[in-house]
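Look at the sequence and the model below.

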Amino acid sequence: MIIHVAWRNIWRNPTRSLVVILAMVVGMFAGIFMVSFAKGMMKERLNHGIETEVSHIQIHHPKFREADELKYQITDVFQKTKDIEKIEGVNGVSPRIVIQAMIASAETGSGVNLIGAEPESEKTVSNLYTYIKEGKWFEGISRNPVVIGQKLAEKLNVHVRSKVVLTFQDDQGNITSGAFRIAGIYQTVNTSFDETHVYVRFDDLAQLASLQQGAAQEIAVHLSSQKYLNQVKNKLSSMYPNLEVLTWKKLNPEFGYINDVYDYYLYVFIIIILLALGFGIVNTILMAILERVKELGMLMAIGMKKGRIFRMIMWESVMMSIIGGTLGVGIGLLVTIWTHHSGLSFDSYKAGYEALGYGSTVYPIIDWGITINVMILVFVTGIVAAIYPALKALKLNPAEALRTE
């Protein structure tokens with residue numbers, strides 16, 4: 001009975017009720033879609049960062065990342081690689097020589113991170129080889145091949161088969177140089193990475209840097225699933241207590257930041273929307289009560305208990321919230337599903353996105369956990385927003401209310 005009366009009261013002034021419901025639909029749609037959009041963007045950045053730039057886990061000498069010097073090495077890396085490959089959850093391991101170097105063409109030069117890697121094992125820890133735009137991944141050049149990024153190639157004004165000179169300090173602290181020819185040019189969605197990372201063969205760099213046999217600065221470890229991350233990290237820490245074992249969350253603070261605070265920012269965004277909608281509901285219910293003062297007074301005069309009146313007003317708010325929230329969330333999910341397959345292209349801002357490490361096409365992803373929580377919050381908002389108007393109605397004096405025109 002109370003629910004039926006509350007439903008009819010909502011539609012006494014359909015224009016006002018529809019405006020509030022429409023506001024909730026737009027607000028919830030915007031909230032759900034923006035959550036999905038942000039999740040798609042963040043996931044793409046994380047995936048690219050892990051799969052292309054850092055891999056899941058890296059192992060270094062404890063002082064290497066702090067000093068970034070060639071002398072802080074990991075010894076016997078090939079045996080360590082074989083041992084790590086046997087760990088459950090590991091599906092790729094690659095030793096790397098990492099040196100700060102200068103690369104120069106006939107026209108200009110630039111500082112870069114020079115990485116010596118075994119071409120085939122590197123494919124198991126990074127998908128960089130799939131981004132080759134010109135040439136091939138360490139193929140086509142028989143002696144001293146090098147793979148560089150498109151942004152760096154433009155800066156140096158070079159192309160495939162062009163000669164470049166790499167200069168750095170060797171293991172003895174002496175300045176050494178070597179001539180290399182470009183075998184491939186890659187282009188990822190991160191122009192900063194493309195401009196600063198240069199790849200050569202492990203053996204070529206080891207020989208030029210006068211490194212001891214089996215020495216390297218880094219071992220990259222790729223996992224078959226994120227669920228093995230802590231398990232493998234702890235295993236490696238116990239196997240190599242004298243080495244530094246770090247996950248991608250620590251290797252790149254940006255990735256850890258995205259992963260840890262993503263949900264908090266989205267919830268703040270949703271709560272702001274719900275607060276605005278809550279005030280709209282309070283205003284609507286108060287207006288409805290002011291229009292029905294005489295009616296409410298009559299109901300009280302004939303013996304209707306205040307508890308029933310309270311529940312009736314609460315139901316009016318809750319039903320509007322459920323209608324508006326459900327429609328808004330539903331539309332948001334439908335649009336997300338549609339755009340997830342087609343993607344949203346922002347090619348006009350491609351340069352800006354890539355400068356920050358993001359792709360210019362975003363594929364929104366539904367976050368069911370947040371979606372369910374939003375539905376619950378909508379219901380709670382409807383209840384909370386109706387409490388003040390309902391209490392206001394209960395303070396009416398039946399005798400005075402009946403004299404109201």
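Phe 33 and Phe 37 both belong to helix α2 (residues 14-54), where they sit four residues apart, about one turn of the helix. Helices here are DSSP runs of H or I with at least four residues, strands are runs of E with at least two, and both are numbered from the N terminus. The model is predicted, so local features need pLDDT of at least 70 and side-chain atom pairs count only at pLDDT 80 or more, while totals for chains, interfaces and linings use all residues. Residues are numbered from 1 along each chain as its sequence is written, and side-chain values use heavy atoms, with hydrogens and water left out.

Phe 33 is buried because its relative accessibility is 14%, and Phe 37 is buried at 13%. Buried means under 20% relative accessible area (1.4 Å probe, protein chains only).

The structure holds seven aromatic pairs. Rings of Phe, Tyr and Trp (its six-membered ring) pair if their centres lie within 6.5 Å; planes under 30 degrees apart count as stacked, over 60 as edge-to-face and the rest as tilted. Two of the pairs are listed here.

| Pair | Centre to centre | Angle between planes | Class |
|---|---|---|---|
| Phe 33 and Phe 37 | 6.5 Å | 40° | tilted |
| Tyr 186 and Phe 193 | 6.2 Å | 50° | tilted |

Tyr 186 and Phe 193 are both buried. Ring pairs also join these two with Trp 137, Phe 138 and Tyr 199 in a cluster.

As a whole, the chain has 16 helices and twelve strands. Of its 405 residues, 50% are buried.
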